[in-house]
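Please look over the model shown here before reading the report that follows.

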Amino acid sequence: MSEDRIEKRVLLRASRERVWKAVSDSAQFGSWFGMSFDGPFVAGARLSGRIVPTMVDAEVARLQEPHTGKAFDFRVERIEPMNRICFRWHPYAVDPTKDYSQEPTTLITFDLEEAPGGILLTISESGFERIPLARRAEAFKANEGGWGMQVRLIEKYLAMQA
């Protein structure tokens, strides 16, 4: 595995339409991810998101609880309806005393493809090699674990909506 890219895959037993809405509608995305956004996902839009505990898993919600209210800047990079949505953010930007706005961002991509039994969702985050060296390894490690948790959350979210 590269130190520049995280990739997680999950087979979701749901229609392409349901998976697409879960990743492209900011309210649905926020409910499983654990974030509240100040607007819809529109290509080119800059949004602010705040951590709110996920609605789909009590254990994960407890882990997110201490970070409730923490703000993150999101930019919707690209939307290819029913296939791909891409975002940019400052990875692991959790220190409230630090201004991350001048740092490079990473690119997060949600790709959907047909697979036997459902939709294969691939979530990738790349660009860690551009993150300042002093926090690169910590950001990569935190997000590697975080995306592992998020694939379980979206799977659970879609199962609850069935």
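How many helices and strands make up the secondary structure of the protein? The model is predicted, with local features needing pLDDT of at least 70 and side-chain atom pairs counting only at pLDDT 80 or more, while totals for chains, interfaces and linings use all residues. Residues are numbered from 1 along each chain as its sequence is written, and side-chain values use heavy atoms, without hydrogens and water.

The protein has four helices and seven strands, where helices (H or I, at least four residues) and strands (E, at least two) are DSSP runs numbered from the N terminus. Along the sequence they follow the pattern β-α-α-β-β-α-β-β-β-β-α.

| Property of the protein | Value |
|---|---|
| Box filled by the C-alpha atoms, along the principal axes | roughly 45 × 30 × 30 Å |

Of the 162 residues, 48% count as buried, that is, under 20% relative accessible area with a 1.4 Å probe and protein chains only.

Leaving aside neighbours within four places in sequence, Leu121 is in contact (heavy atoms within 4.5 Å) with residues including Val10, Val23, Phe110 and Ile154.

Conventions:
Buried means under 20% relative accessible area, exposed over 50%, partly exposed in between (1.4 Å probe, protein chains only).
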